[in-house]
Amino acid sequence: MTLKIGVPSKGRLMEKTFDWFGARGVELARTGSDREYAAAVNGIDGIELVLLSAGEIPRELAAGRIHLGVTGSDLVREKLGGWQDKVSELALMGFGHADLIIAVPKCWVDVNTLDDLDAAAAAFRAQHGFRLRIATKFHRLIRDHLRDHGVADYQLVDSQGATEGTVKNETAEAVADITSTGETLRANHLKILAGKPVHKSQATLFKSRNADWNESTRATLATLSGKLGLQS
Amino acid sequence: MTDKAQIRAEAARLMGVFEAKGATAVEADILQPAGTLLDLYGEDIRGRAFVTHDPIRGEAMLRPDFTVPVVQMHMADGAEPARYTYMGEVFRAQEEATHRASEYFQVGYEVFDRDAPIEADAEVFAFIQDALSPLSLRAATGDMGLLLAAVRGLKTTDRRKAALLRHIWRPRRFRALLDRFAGRAPLPEGREAMLAKDDPMQDAGPQIGLRSAAEIADRIEALREDAAAAPISTQEVELLDDLLGLRETTVNVLSRLRDIAVDMPAIADAVDRLEARAEALYQRGVDVDNLDFEGSYGRTSMEYYDGFVFGFYAETRPDLPPVATGGRYDALTRVLGRAKGHEIPAVGGVIRPEIVLELNAGGAK
């Protein structure tokens, strides 16, 4: 039986993943035409490479349909409730760095921390009759973070893209999104709240706890871990 | 795991107990409009309730409790005073992997009575205690009214009091605010630098979004007022800590509270009510000499309790959730009735029949 490893199917995340494995003597490569989602692993037997959207890898890991998977640590935490029961982290891969942050308009000179955001939200609700809206696609992570910090009187509105534009368009008062340089935020007249980010994300190699770990897949993982320099 | 038919039968039996005492049996829809629940409980409810979607009516939630629909039903066409009982499943999503059930039965008893709130508190507690009496449970009680009165009576600005009252159900946040207002914790990062500027709004960039420049200016004004206000005194903070740390029998707590009220007269009325309630409980045969009272009880539930609160626990089974919980929720009815200016003092409680059965089975072994 083969060990299935899911990696992102396109873009920089795929290239960097291939590089990361390549640098450790495990060659991942796409096969067939540019458009065909097929791939192979050279340098080690018994591994099947599965190309998947990075956003679907958490779900496939949780279901145990893949044994290992490479995706952002933010996506696993957002998409899997009780993620530690479903997957474990084998390696932080050192690329794909991004911070999940909360940002507000730069003109809110009175709001610098979550503490301020909470107070501003109370006043906003009293003034406008509805809760201060935060646009995001990271609902679970943001809700947990705001609950832990005692922020009330807000609501999350779903935004799957162009999130930084929601404030100017008046469909949200603040945003919570992934950023690496903060440039898009600044260009949209937003500033990041002080303090630690909600989550510091990076590409991570995960192991599924629910996949079929039999003698042969365990042996393959041991060989792979040896090559990658991991403790299995 | 007990058979669902058995749980239903036990629920019906308990509901029969309340009906025999004069309660009207009522039903509630399983699908509740999400807007009302979100308005009451905030975004947190999304993590705790099952949210679903109706193509026509929009977002809906599987009822996380009966309180809201029962209050709405009463406000729509209830006669006063009213006593209701109900049974059925409630649904609670478990975001973290726990062994807690996400669907379970509740049997409830609710009293809407404007004229005799203390009597109603005692009645609900005593009826539920009676219904559970074969189980020899430990009862814990508290009174959010005491804490609310203490905060309202602090010698500080109205804004500070409002901020503390708003977070009374979030103990960590409450503590952080209290420490800051007492001058024991630093100001949030950047606050001092901002207030030091003559015109903090200069160079702030373009005004975007719904929150207007006037709203920002108002908050800066509020922050200036706060920076100029004297800290809440150490004595007042210690009195609050005493209140929150109370953990004694009701009788001992009353004498302790009389002492505290000398330095904190704002709680005197609340202490009187507590004493009257203890008397009403005694008249109903409750052993108030041994009834536990905890100053912080009721602060972490999402149920919006703002007066008397109580719970019944099986001391031999700390792994089980409380067998019954309840309390007074006048503020919730004010929020629900806001549009029409309605409010109705209300107190009630719920029993979990599944836990009752489990304890019965354990006792029989």
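Two residues are taken to be in contact if their C-beta atoms, placed from the backbone, lie within 7 Å. The views below come from a predicted model, in which local features need pLDDT of at least 70, side-chain atom pairs count only at pLDDT 80 or more, and totals for chains, interfaces and linings use all residues. Residues are numbered from 1 along each chain as its sequence is written, while chains are lettered from A and ligands numbered from 1 in the order in which they are written.

**View 1. Five strands of chain A form an open sheet of mixed pairing, in the order β4-β1-β5-β13-β6.** Helices (H or I, at least four residues) and strands (E, at least two) are DSSP runs numbered from the N terminus, and two strands pair if DSSP finds at least two bridges between them. The edges are formed by β4 (47-52) and β6 of chain A, each of which pairs on one side only. On average, and with direction ignored, neighbouring strands of the sheet are turned by 30 degrees against each other; axes here are lines fitted to C-alpha atoms, for helices over the stretch in contact, and angles run from 0 to 180 degrees between N-to-C directions. Helix α1 (residues 11-22) of chain A packs on the sheet, where it touches β1 (3-8), β5 and β13 of chain A, and its direction makes about 135 degrees with that of β1(A). Helix α7 (residues 215-228) of chain A lies across β1, β4 and β6 of chain A and runs at about 50 degrees to β1(A).

**View 2. Strand β13 (residues 203-208) of chain A is mostly covered, with six of its six residues buried.** A residue is buried if 20 or more other C-beta atoms lie within 10 Å of its own, exposed if 12 or fewer, and partly exposed in between, the C-beta atoms being placed from the backbone. From β13(A), A:A203, A:L205 and A:K207 point one way and A:T204, A:F206 and A:S208 the other way, and all are buried. Strand β5 (residues 68-72) of chain A pairs with β13(A) in the antiparallel sense over five bridges, and A:G69 has A:F206 as its bridge partner. Strand β6 (residues 87-92) of chain A is also joined to β13(A) by five bridges and runs antiparallel to it; A:L92 stands opposite A:T204, and A:S88 is the bridge partner of A:K207.

**View 3. The largest nonpolar core has 124 residues, and those with the most contacts inside it are A:I134 and B:I351.** Such a core is a set of buried Ala, Val, Leu, Ile, Met, Phe, Trp, Tyr and Cys residues joined through C-beta atoms within 7 Å. Its largest share, nine residues, comes from helix α5 (residues 117-132) of chain B. Not counting residues up to four places away in sequence, A:I134 touches A:I142, A:Y154, A:L156, A:A172, A:A174, A:V175 and A:A176. A second, separate core of 28 residues includes A:V7, A:I57, A:A62 and A:L205.

**View 4. The axes of helix α6 (residues 144-152) and helix α13 (residues 268-283), both of chain B, come within 8 Å and cross at roughly 170 degrees.** That crossing makes α6(B) roughly antiparallel to α13(B), given that angles under 35 degrees count as roughly parallel, over 145 as roughly antiparallel, 65 to 115 as roughly perpendicular and the rest as oblique. B:G145, B:L146 and B:A149 of α6(B) make the contact with B:D269, B:A270, B:R273 and B:L274 of α13(B).
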